[in-house]
Amino acid sequence: MEQTSIRELVAVVAAASGDAEAAWQKLKPLGSDVVPFLAEAFPRTRIWQGRVALVFHCIPHARTSPAAFDLGLLALQDKSYMVRYRACGLLAYSLQTRAIPELRKLLEHADHRSVEDATAAIDSIENRNHHFFVDRSHSGRSFWEVNPGDRPA
């Protein structure tokens, strides 16, 4: 797929319109190759729903794509709670300890939900278990299957 076509489809995803899912289905086969285009669109995306979608679609690539990880760091500073939530999830899934200093900055945020999300992301990274982002009490009964094989047997 040509870069122009990819950018056009990413713009549809970022617009969070009724056509966003159909556009994503065309982009999904690109795998991690689509991530730089999602990251490129993020700063230009005005609506929070679009920014959420861009971050969300990068989560499966958080461990393998530097662009996905960097987008997670950038999105931590977003004005929207939902964008920050997805950013925390992306960084939790990445399991990269270099995210912890940026996540710690969020612990001072006025929105208690963002503080809780950052705390859960840090906990996930420190324990090398991305499931702790959703299983915040460590019950072992909640799992977060992002990619095949993520769920324990």
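Before we start, a word on what counts as a helix here: a helix is a DSSP run of H or I with at least four residues, and the numbering goes from the N terminus. Keep in mind too that this is a predicted model.

Eight of the eleven residues of H4 are buried, so H4 is largely enclosed by the rest of the structure. If you want to pick them out, look for Gly50, Arg51, Val52, Ala53, Leu54, Val55, His57 and Cys58. What do these buried residues of H4 pack against? Their partners are H1, H2, H3, H5 and H6.

Take H1 to begin with. The axes of H1 and H4 come within 6 Å and cross at roughly 120°, which makes H1 oblique to H4. On the H1 side you'll find Val10, Val13 and Ala14, and they meet Gly50, Ala53, Leu54 and His57 of H4. Sorted by class, this contact of H1 with H4 has five nonpolar residues, two polar ones and no charged ones.

Now look at how H4 sits against H6. Here the axes are 9 Å apart and the packing angle is about 5°, which means that H4 is roughly parallel to H6. H4 brings Trp48, Arg51, Val52, Val55, Phe56 and Cys58 to this contact, while H6 brings Met82, Val83, Arg86, Ala87 and Leu90. Nine of the residues in the contact of H4 with H6 are nonpolar, none is polar and two are charged.

H6 has another partner, so let's follow it onward. The axes of H6 and helix H8 (residues 112–126) cross at roughly 5° and come within 8 Å, which makes H6 roughly parallel to H8. From H6, the contact draws on Tyr81, Arg84, Tyr85, Cys88, Leu91 and Ala92; from H8, it draws on Arg113, Ser114, Asp117, Ala118, Ala121, Ser124 and Ile125. By class, the contact of H6 with H8 comes to eight nonpolar, two polar and three charged residues.

Arginine 84 belongs to helix H6, which covers residues 81–94. Is arginine 84 buried or exposed? Its relative accessibility is 3%, so arginine 84 counts as buried. Setting aside residues up to four places away in sequence, arginine 84 touches Ala75, Leu76, Asp78, Lys79, Leu106, His109, Asp111 and Ser114.

The last name on that list is our other residue. Serine 114 lies in helix H8, and at 1% relative accessibility serine 114 is buried as well, because the cut-off for buried is under 20%. Leaving aside neighbours within four places in sequence, serine 114 is in contact with Tyr81, Arg84, Leu106 and His109.

What about disulfides? A disulfide is a covalent bond between the sulfur atoms of two cysteines. How many disulfides does the structure hold? The count is zero. Cysteine 58 is in no disulfide, and the nearest cysteine sulfur, that of cysteine 88, is 15 Å away. Cysteine 88 is in no disulfide either, with the sulfur of cysteine 58 as the nearest one, 15 Å away. Cysteine 58 is buried, at 0% relative accessibility, and cysteine 88 is buried too, with a relative accessible area of 0%.

Our last stop is leucine 73, which is found in helix H5 (residues 66–75). Leucine 73 is buried, with a relative accessible area of 19%. Not counting residues up to four places away in sequence, leucine 73 touches Leu91, Ala99 and Glu102.

Conventions:
Residues are numbered from 1 along each chain as its sequence is written. This is a predicted model: local features need pLDDT of at least 70, side-chain atom pairs count only at pLDDT 80 or more; totals for chains, interfaces and linings use all residues. Side-chain values use heavy atoms; hydrogens and water are left out. Helices (H or I, at least four residues) and strands (E, at least two) are DSSP runs, numbered from the N terminus. Buried means under 20% relative accessible area, exposed over 50%, partly exposed in between (1.4 Å probe, protein chains only). Contact means heavy atoms within 4.5 Å. Axes are lines fitted to C-alpha atoms, for helices over the stretch in contact, and angles run from 0 to 180 degrees between N-to-C directions. Angles under 35 degrees count as roughly parallel, over 145 as roughly antiparallel, 65 to 115 as roughly perpendicular and the rest as oblique. Ala, Val, Leu, Ile, Met, Phe, Trp, Tyr, Cys and Pro count as nonpolar, Asp, Glu, Lys and Arg as charged, and the others, Gly among them, as polar. A disulfide is a pair of cysteine sulfur atoms within 2.5 Å.
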